[in-house]
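I opened this notebook to record what I looked up in the structure shown below. The entries follow the order in which I took up each topic.

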Amino acid sequence: MTVRTTYYGGTDWVDGDVLYAADQNDTFGATKTYTNNLYTKIHTPYSSTIGNGLIKFTDVIWSSQGARTTDGQSFSGTGFGVNYIAATYTGGYGISLRSSGPISTYTTNYGATWTAATTSPAADTMTVAYCCHMASASIAVVGGDSGADPSIYYTTDGGKNWTNATTGPTVIVVGIVMASTSIGYAIDQAGHIWKTTDGGANWTDTGDHGPYPFLIPAYIYAINTDTILIIGEGLFMKYTNSTNTVTNLYSAPYRNVASNIVKATNGNYYFVQYSDNGVMELIEYDGTDFCGMPIGLS
């Protein structure tokens, strides 16, 4: 495995790539233009240098409400200037929510234009949004802090309108994923794992729990509707709902934060961890073993 600097692009990721591969042989690269912000780009799916909320639609189209590229290299616009979280779905669909007092927008054309939602989570009680995911062009969920109400909102029309879940966690939700248009999982700050079977409208505590409370954010990848991978501060876990099994697969040797989990077409999973002492590593998980290597910023 080698690491090199190149442009945005590559075809090795199945979905949601933040790092990317330039070929099918595990050759990874950071961005050429924004190498000094590599940590920002891999920790969350946006770059603060051109506006938070920057998200990837295709190998070359990245967009926020105020910054967009169609060649993977040059950007126009100035970006949001405030913290946003965002998610996309195949075909140019996307949602974007301001994390503080989450005002939301949606797009249906690869981010060329963004439209304000008719109703947003902030219209009710959500004060902070921390995580979101699109299951289809119409179904999406967002988790965060809603005080005493369920801390999850869902949409059935691509982000035009958001509804507070009827049942669900009332503490902060730090990670969320939809494994299908109906089945999804969320983890709250106390480490409890929640499940929905109706597209996000209702969430049930599975009774399963991580080894200790999670800091914000946590990232979840759905292998299928029964099994998910969860990454939090220093931990990489596998959860199987049918057997109520939580397995800690990997513990970092130091306190660290980590990036989204992505899957490459070679079948392996990848994430990046960044430690307090400045070490940044690309971690590969092949389903059995872990392999890590430092990532350079040049």
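This is a predicted model: local features need pLDDT of at least 70, side-chain atom pairs count only at pLDDT 80 or more; totals for chains, interfaces and linings use all residues.

Entry 1: I began with Ala140, which I found opposite Thr155 in β14. I number residues from 1 along each chain as its sequence is written, and side-chain values rest on heavy atoms, with hydrogens and water left out. Strands here are DSSP runs of E with at least two residues, helices are runs of H or I with at least four residues, and both are numbered from the N terminus. Strand β14 covers residues 152–155 and runs antiparallel to β13, with four bridges between them. I noted six residues between the strands in this hairpin, where Gly147 has a positive phi near 65°.

**Entry 2: the other side of β13.** I then turned to β12 (residues 128–134), which is antiparallel to β13 and joined to it by six bridges. Met134 has Ala140 of β13 as its bridge partner, and Cys131 lies opposite Gly143 in β13. The hairpin of β12 and β13 has five residues between the strands.

**Entry 3: the sheet.** I count two strands as paired if DSSP finds at least two bridges between them. Which order do the four strands of the open sheet take? I read it as β12-β13-β14-β15, with antiparallel pairing. The edge strands are β12 and β15 (163–164), each of which pairs on one side only.

**Entry 4: burial of β13.** I checked the cover of β13 (residues 140–145) and found five of its six residues buried. Buried stands for under 20% relative accessible area, exposed for over 50%, and partly exposed for values in between (1.4 Å probe, protein chains only).

**Entry 5: Thr108.** I located Thr108 in the loop between β10 (104–107) and β11 (115–116). Is Thr108 buried or partly exposed? Its relative accessible area of 46% makes Thr108 partly exposed. Leaving aside residues up to four places away in sequence, I found Thr108 in contact (heavy atoms within 4.5 Å) with Gly91, Gly92 and Tyr93. The C-alpha atoms of Thr108 and Ile95 are 9.1 Å apart, with the two residues 13 apart along the chain.

**Entry 6: the whole chain.** I recorded one helix and 28 strands in the protein chain. Of its 298 residues, 54% are buried.
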